[in-house]
Amino acid sequence: MYNVEIILSDLKNELNFNRFIHSIAVSTTAKNLAKFYNINSNEAFIAGLLHDYAKNINEKKLYDLSKQFNINYKNYKFDEIKNILHAHVGAYLVKEKYNVNEKIFKAIYTHTTAEKNMTNLQKIIYISDYIEPFRDNIKNQDYFIKLAYTNLDKCIYQILKSTISYLKKRKIKIYYKTIEAYEFYKKIVKGSENEN
Ligand code: GDP
Ligand code: FE
Ligand code: FE
């Protein structure tokens, strides 16, 4: 269904070298996690490969494309959503280019912020982006890798918690979906802790 050779050669054109390596690493990490949790590993592999498709498009062009795709940022200023644009625009671009299905579209769309009530594919892409072995700016990465293979919801919660604290420290405005996701997964994690 998907031609991986073509996708790889497109990614080589679209992305710088480090981002290309990161994309391959996310695709393998996602494939392994999908196998572990018994979900479609081919979809995870493709979504992982394509998740940062729009990462190296310049900010002005990303913003113009977001308008073309009718993505609505309500009252957010450009600076407040510039980190998120590549995820949203990338999802639309790869849907146009490779006709990816709705599940893959959504996993790419939410890979930066997460959201409440995610599918397993969304969770796996969000987590793989964080735990892939070449990402070098993550503290305690081993802890997150272990958690990914223990409980997806707990892992999502911990990544959201550390991302939010990182953004707060740098006084970067947090997107509402990130906060909604944090509250949602906190409830799930705390709820299951009380049962035991
Ligand atoms: P990457 O594309 O593989 O580098 O990783 P991501 O797509 O997950 O994240 C891109 C950037 O967005 C990172 O610096 C995150 O810390 C940042 N980010 C994550 N959530 C939010 C948010 O809610 N708001 C803003 N402004 N940035 C965020
Ligand atoms: Fe990204
Ligand atoms: Fe990424």
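Which residues are the protein donors of the iron ion (ligand 3)? Select that ion in this predicted model. The donors are His-22 and His-51, each through NE2, together with Asp-52 and Asp-129, each through OD. They lie 2.2 Å from the iron ion. Along the sequence, the donor residues follow the spacing H-x28-H-D-x76-D.

Now colour by secondary structure and find Asp-52 and Asp-129. Asp-52 is in the loop between helix H3 (41-50) and helix H4 (59-68). Asp-129 belongs to helix H7 (residues 120-131).

Go back to His-22. An N or O atom of its side chain is 3.1 Å from an oxygen atom of ligand 1. Select ligand 1 next. The side chain of Thr-178 places an N or O atom 2.6 Å from a ligand 1 oxygen. At Lys-173, look at the backbone: an N or O atom there lies 3.1 Å from a nitrogen atom of ligand 1. On its own, ligand 1 has 590 Å² of accessible area, of which the protein covers 86%.

Show the surface. Ligand 1 sits in the largest pocket. Then display the 20 residues around ligand 1; Lys-55, Thr-112, Arg-135, Tyr-175 and Thr-178 come nearest. Colour this shell by residue class: six are nonpolar, seven polar and seven charged.

Finish with the helices. H2 (17-36), H5 (78-98) and H9 (152-169) each supply at least two residues of the shell. The largest share, four residues, comes from H5.

Notes: Residues are numbered from 1 along each chain as its sequence is written. Chains are lettered from A and ligands numbered from 1 in the order in which they are written. This is a predicted model: local features need pLDDT of at least 70, side-chain atom pairs count only at pLDDT 80 or more; totals for chains, interfaces and linings use all residues. Side-chain values use heavy atoms; hydrogens and water are left out. A residue is near a molecule or strand if one of its heavy atoms lies within 4 Å of it. A polar contact is a pair of N or O atoms within 3.5 Å; within protein, one must be able to donate a hydrogen and the other to accept it, and residues adjacent in sequence count only if both atoms are side-chain atoms. Accessible areas come from the Shrake-Rupley method with a 1.4 Å probe; for residues, only the protein chains shown count as cover. On a 1 Å grid over the protein atoms alone, a cavity is a set of points where a 1.4 Å probe fits but cannot get out, and a pocket is an open set with protein on both sides within 12 Å along at least five of seven lines; lining residues have an atom within 4 Å of a point. A molecule sits in a cavity or pocket if more than half of its atoms lie within 2 Å of its grid points. Ala, Val, Leu, Ile, Met, Phe, Trp, Tyr, Cys and Pro count as nonpolar, Asp, Glu, Lys and Arg as charged, and the others, Gly among them, as polar. Donors are N, O and S atoms within 2.8 Å of the metal (3.2 Å for Na, K and Ca); water is not among the atoms, so sites may look incomplete.
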